[in-house]
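Trainee: I'm new to this one, and I'd like to know where the labels come from. Could you show it to me and take me through them?

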Amino acid sequence: MTRTNPVIAISDSSQCIPEPWSQALMERGYRVVRIPDKSKCLGLLKSLLPDLVVTNLISPTMDGLELLEEIKSSCRIRDIPVIMTSEHAAFKAEALNLGAKEFLSKPFEIEDFMRAVKSAVSRSPWYDQWQV
């Protein structure tokens with residue numbers, strides 16, 4: 001698989017990342033794909049094979065911890081790093097134990113988000129195929 005830019009999938013039924021932040025990611029060389037429906041997210045992730053998944057803990061269509069468990073139990077996508085965001089810091093330990101690479105407690109600053117993205121993307125299975 002040849003990649004020119006790292007791909008970040010944002011499972012976004014609850015707007016976990018503001019649109020201007022997506023734009024900031026693109027300006028830094030990332031390709032951003034928003035997946036508005038978490039119930040369809042798993043299938044899309046298996047075909048897209050992103051370098052990073054960003055999701056919120058709570059959304060209308062699927063619990064973020066449930067999505068994280070599904071990702072980590074799938075042979076095809078289990079090595080993709082996941083950043084979990086939430087207003088509920090009490091779930092941080094659970095998310096990290098389930099395999100999230102980062103947990104950002106809301107509200108957080110764009111600099112913290114960008115640092116987490118850079119760190120998590122460096123753990124992508126395809127990291128050696130591009131440079132940001």
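Mentor: Let's start with Cys-75, which counts as exposed at 62% relative accessibility. Before we go on, this is a predicted model, where local features need pLDDT of at least 70, side-chain atom pairs count only at pLDDT 80 or more, and totals for chains, interfaces and linings use all residues. Residues are numbered from 1 along each chain as its sequence is written, and side-chain values use heavy atoms, with hydrogens and water left out.

Trainee: Why is Cys-75 called exposed?

Mentor: Exposed means over 50% relative accessible area, buried means under 20%, and partly exposed is in between (1.4 Å probe, protein chains only). Cys-75 has 62%, so the label is exposed. Cys-41, with 1%, is buried.

Trainee: How do you know whether Cys-75 is bonded to Cys-41?

Mentor: A disulfide is a pair of cysteine sulfur atoms within 2.5 Å. The sulfur of Cys-75 has its closest cysteine sulfur in Cys-41, and that is 18 Å away, so it's too far for a bond. The structure holds zero disulfides.

Trainee: What makes Arg-34 and Glu-19 a salt bridge?

Mentor: The rule asks for a side-chain nitrogen of Lys or Arg within 4 Å of a carboxyl oxygen of Asp or Glu. Here the N to O distance is 3.0 Å, so the pair passes. Arg-34 sits in strand β2 (residues 31-35) and Glu-19 in helix α1 (residues 19-27), so the bridge ties together parts 15 residues apart in sequence. Helices (H or I, at least four residues) and strands (E, at least two) are DSSP runs, numbered from the N terminus.

Trainee: How many salt bridges are there by this rule?

Mentor: The count comes to four. One of them joins Glu-102 and Arg-123, at 4.0 Å from N to O. Glu-102 is in strand β5 (residues 102-105) and Arg-123 in the segment after α5 (110-121), so this pair links parts 21 residues apart. Another joins Arg-115 and Asp-112, at 2.5 Å.

Trainee: What separates Arg-115 and Asp-112 along helix α5?

Mentor: They are three residues apart in that helix, which means about one helical turn. Arg-115 is exposed at 53%, while Asp-112 is partly exposed at 32%.

Trainee: Which residues gather in the patch of negative charge on the surface?

Mentor: Asp-63, Glu-66, Glu-69, Glu-70 and Glu-94 do. Helix α3 (residues 64-73) gives the largest share, three residues. Asp-63 lies in the loop between β3 (52-56) and α3.

Trainee: What about the peptide bond from Lys-106 to Pro-107?

Mentor: That bond is cis, with omega near -5°. Pro-107 is in the loop between β5 and α5.

Methods
Patches are made of residues with over 30% relative accessible area and no salt bridge: like charges are joined within 9 Å, nonpolar side chains (Val, Leu, Ile, Met, Phe, Trp, Tyr) within 5 Å. Accessible areas come from the Shrake-Rupley method with a 1.4 Å probe; for residues, only the protein chains shown count as cover. Lys and Arg count as positive and Asp and Glu as negative; His and the chain ends are not counted. The place of a charge is taken as NZ of Lys, CZ of Arg, CG of Asp or CD of Glu.
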